[in-house]
Amino acid sequence: MQTHNLGYPRIGSRRELKKAAEQYWAGKITAEQLMAVGKTIRLQNWKLQHAAGIDLIPVGDFSYYDQVLDASLMVGAIPERYHELMAEKQLRDIDLLYAMARGYQKDGYDLTAMEMTKWFDTNYHYIVPEFTAGQTFKLFSNKLLNEYREAKEAGINAKPVLLGPVSYLLLGKEKEQGFHRLELLKNLLPVYVEVLKKLDEAGVYYVQFDEPCLSLDLTVAERQAFVKTYQEIKAKFPNLHVILASYFECYGENLSTVLSLPVETIHLDLVRCPMQLDDILATSFVNTRTRLSLGVVDGRNIWKNDFQQSIHFIKKAADKIGNDRIWIAPSCSLLHSPCDLELETGIKIKQWLAFAKQKVHEVAALRKLALGEHTAETDRLWKENIEATNSRRSSPLIHKPEVKARAAAITDGDARRLHAFSVRREHQRETLGLPLFPTTTIGSFPQTAEIRGIRAKLKKGELTQAEYDDLIAKETADAIRWQEEIGVDVLVHGEFERNDMVEYFGEQLDGFAFTGNGWVQSYGSRCVKPPIIFGDVSRPAPMTVRWSAYAQSLTKQWVKGMLTGPVTILQWSFVRNDQPRSETCTQIALAIRDEVVDLERAGIRIIQIDEPAIREGLPLRKENWAAYLDWAVRAFRISASGVADATQIHTHMCYSEFNDIIQAIADLDADVITIECSRSQMELLDAFADFKYPNEIGPGVYDIHSPRVPGKEEMLALMEKAKAVVPAEQLWVNPDCGLKTRAWPETRLALIAMVQTAKELREAVAVVK
């Protein structure tokens, strides 16, 4: 029985990689200094896992930005727009990586970043590979080989991890019509073979291929691609021990294909899909020599493992196939988990939690317990685990009868606005008096070092609450005045008082707990610190009314109230696993509903309820979509339906494919939806056009996840594409997302161009009339 890990957090326990990357982008450190930070993190991660008792330790899971982008560099899938830059500037790999991820706007170049989207149903974002018909590939980056050698020199029993070739292609996008990206497999496989040859020559025995697309609904052709790929790999490398890893769901209809593949170990995510173990053990698989990797420790949540349940799974498998064919592992990469619980102090529920460092210790402990290695240490671990599990089940911190009763009493009428959109629109036009192509932003303005410093001083007691409030009021007033000056139509207060769009609300809701260092990577250098939903959720007092009402008092223009929606709060938190997620979401929806009603009462007539994560929460298998969308849409509608027809409800979604859930988006019944569109060049808008989406829509014209500043002509071109498929009277003009991560100089230039874009659009319509 062996232990292994699928991947480890790459950001560093105190976000060392984030800080170094941002210093490098700002020109404050050299590439060599950045690389040194990365090497230190890798060595610390490897040694930590080794010390915990992990037998096979992953290499290649570290990335300076994104593992899918690393794969694109490995196989030379570099879009043509970067080729001249590569030749002219002779960029280092790290600079090319960042140019592809973030865009490049200097030295006379103005190159857009590659598209970014969600990694399955997580809040991690990956850089989408771009493919053209007949595209060829060649080995470009030896990062994986170099890191394997680095680990070997450090005395680590290293297991290289690659994104499998089929999933790599399926996760990409065709940039021209007339072909399917899987047709490129014959060109891609030779590069993977070359990579494996180099690894083989370096002494590699174990290789982990991540093929997470095996958790999706696949066509016959897609399944055949997996068969072809792994048959070829086996033929070329008969002595290589291939570990096939998929996660986040069952193999489902793909199981027979997976069991037929010539691989040595198959990984199962038994957290997301425990029943698949019985499915496999009921087949002739038990008579083979293939090993099973049992993913029993939750790689995506922060709850301490239930040792009794995990041992039950391990023993069930061992009774059928023997201990020698059993591996113990987390359910998926620990990329989605915070680094180290030991850094936390003062969390009242700490005894129930486990972060990445603790999870690898849990994996090692489970092996010992499963093998009956009874020592004082294993007996202590077992006792502590049982006590923690039992105390959580019975704790009065968790269950609030009045919250459960209110959620149970919800009626269908609570999830409906008073009248249909066609009626509401007339009331809103009369009340709001907005022009054609109204401009707005998505909510947040730059969170500068000064703003973060103010918040830090408040936490340290270096500022009183009154002093802090005065400083936030000044920032808010400045933002309102500036928006008025440049001509934005619907203003925002800037959210200077907020640390994070989920954490800020969780801090004011009952049933939430918070960490000091529980950071996880969202994309690139962007890290988030998800709240922990441990109990029943309710709102003891208004959360946003004070600052929204203050901002509205400063201007005669409309100011949007800014809220995070119930599904997104759920998705971007670590959620309790002792009741259905739908029940927790309904509780959050009621809390947000109370806030919406209070905002309207305070004179706020435009209220945005952000739901960027509603697509992210969609189950990976279509058979489960209807049930999820039913409760997710209902939760949003509960949150939005307590106001009058004249109050305009907005929502916002970003970095998602909308085609397959467009009916559900329409069912949200938001008066206005704003969406990310700029990186996809308005492609995402096609779903709304084909559906004849009836409500108003703001397609993003400014990619806020890149530092480059789009000009007015670029924004006009995007809006012309939008006008071609959506009637002008339905369109808004706005950025892709909130501006929290941007700097003020680029924000000012982009928003001024955006306002000018709207003015020219109005003038053009006036001329036509």
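The model on display is predicted.

**Select the whole chain.** Colouring by secondary structure brings out 27 helices and 22 strands.

**Turn to contacts and burial.** Of the 769 residues, 62% are buried. Among contacts between residues at least 6 apart in sequence, 78% join residues at least 24 apart.

**Display the surface.** The accessible surface of the protein amounts to about 29,100 Å², and carbon and sulfur atoms contribute 50% of that area.

**Select the charged side chains.** There are 93 positive and 103 negative side chains in the protein, and the centres of these two sets lie 3 Å apart.

**Select residues 241–245.** This segment is strand β9, and Val242 lies within it. Is Val242 buried or exposed? Its relative accessible area is 4%; because buried means under 20%, Val242 counts as buried.

**Show the neighbours of Val242.** Leaving aside residues up to four places away in sequence, Val242 touches Val207, Phe209, Tyr230 and Ile233, as well as Val263, Glu264 and Thr265.

**Finish with a distance.** Select Val242 together with Gly453, which is 211 residues away along the chain. A line drawn between the C-alpha atoms of Val242 and Gly453 spans 49 Å.

Conventions: Residues numbered from 1 in each chain as written. Predicted model: local features only at pLDDT ≥ 70, side-chain atom pairs only at ≥ 80, totals over all residues. Heavy atoms only, no water. Helix = DSSP H or I, 4+ residues; strand = E, 2+ residues; numbered from the N terminus. Buried < 20%, exposed > 50% of the residue type's maximum accessible area, 1.4 Å probe, protein only. Contact = heavy atoms within 4.5 Å. Areas by Shrake-Rupley, 256 points an atom, 1.4 Å probe, with all protein chains shown as cover. Lys, Arg positive; Asp, Glu negative; His and termini not counted. Charge placed at Lys NZ, Arg CZ, Asp CG, Glu CD.
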